[in-house]
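User: I am new to this structure and would like to understand the words used for it. Could you take me through them?

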Amino acid sequence: MGEVIKVGMADLNICIPPDKITTLGLGSCVGIAIRDPQTGIGGLAHIMLPDSQAIRNNSNIPKFADTGIEDLVKKIVAKGGSRSRLVSKIAGGAQMFSMQTNTDMVRIGERNVEASKKKLKEMRIPILAEECGLNYGRTVIFDPATGEFVIRAVGKPEKTI
């Protein structure tokens, strides 16, 4: 039964079975789980913003979809995962506040999902499943040994993708 490693907001970490990895409070943020199905080595990134180039002080690599996903992949490969076998699952990207306007500032969840998908596609990492959008926050638990991505949300049934 291993440990459950916690990943904070704008953070990432890797995990080796039998350990699992979790992050809380995915509102407009996106949780990106990546693993090598053969070795079971995987990890989770909790990204807050889509693009590091749009922010001047962008030294927090895991905070952004473009840099966080790259860094997570590097760490998985450094632990023994094969770059060519990596697969992913994503969750989050909610529209937490209802507003009449549709500016980019309000669409942050949608933009985070788009940027995450774009980066994964660029890196040729298939997305096997996703649970994104809508208007509620999520907590996720990822088991890299099995690839199960458990999603919990207040008032909703637990879901595994």
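Predicted model: local features only at pLDDT ≥ 70, side-chain atom pairs only at ≥ 80, totals over all residues.

User: Let's begin with the cysteines. Why is Cys-15 called buried?

Analyst: Buried means under 20% relative accessible area. Cys-15 has 1% relative accessibility, so Cys-15 counts as buried.

User: And what makes Cys-29 count as buried?

Analyst: The cut-off is again under 20%. Cys-29 comes out at 6% relative accessibility, and therefore Cys-29 is buried.

User: Now to helix α2. What makes its length close to the expected one?

Analyst: The expected span is 1.5 Å times one less than the number of residues. Helix α2 covers residues 108-122, which is 15 residues, and the expected value is 21 Å. From first C-alpha to last, α2 reaches 21 Å.

User: Why are the buried residues of α2 said to line one face?

Analyst: The buried residues are Ile-108, Gly-109, Asn-112, Val-113, Ala-115, Ser-116, Lys-119 and Leu-120. Looking down the axis of α2, they fall within an arc of 165°, so they line one face of the helix. Lys-118 and Lys-121 are exposed on the other side of α2.

User: What do the buried residues of α2 pack against?

Analyst: Their partners are the strands β4, β5, β6 and β7, together with helix α1.

User: Why is Arg-85 called partly exposed?

Analyst: Partly exposed lies between the buried cut-off of 20% and the exposed cut-off of 50%. Arg-85 has 29% relative accessibility, so Arg-85 counts as partly exposed. You will find Arg-85 in the loop between α1 and β6.

User: What makes the pairing of Arg-85 and Gln-38 a polar contact?

Analyst: The limit for such N or O atom pairs is within 3.5 Å. The side chains of Arg-85 and Gln-38 make their polar contact at 3.5 Å. Arg-85 also touches other residues, including Arg-35 and Pro-37.

User: Finally, why is Thr-22 called buried?

Analyst: Thr-22 has a relative accessible area of 7%, so Thr-22 is buried, the cut-off being under 20%. Thr-22 sits in strand β3, and its side chain reaches the backbone oxygen of Val-140 at 2.6 Å. Among the residues Thr-22 touches are Val-4, Leu-44 and Ile-141.

Note on methods: Residues numbered from 1 in each chain as written. Heavy atoms only, no water. Buried < 20%, exposed > 50% of the residue type's maximum accessible area, 1.4 Å probe, protein only. Helix = DSSP H or I, 4+ residues; strand = E, 2+ residues; numbered from the N terminus. Arc of directions from axis to C-beta. Contact = heavy atoms within 4.5 Å. Polar contact = N/O pair within 3.5 Å; in protein donor to acceptor, adjacent residues only side chain to side chain. Lists of a residue's contacts leave out its neighbours within four places in sequence.
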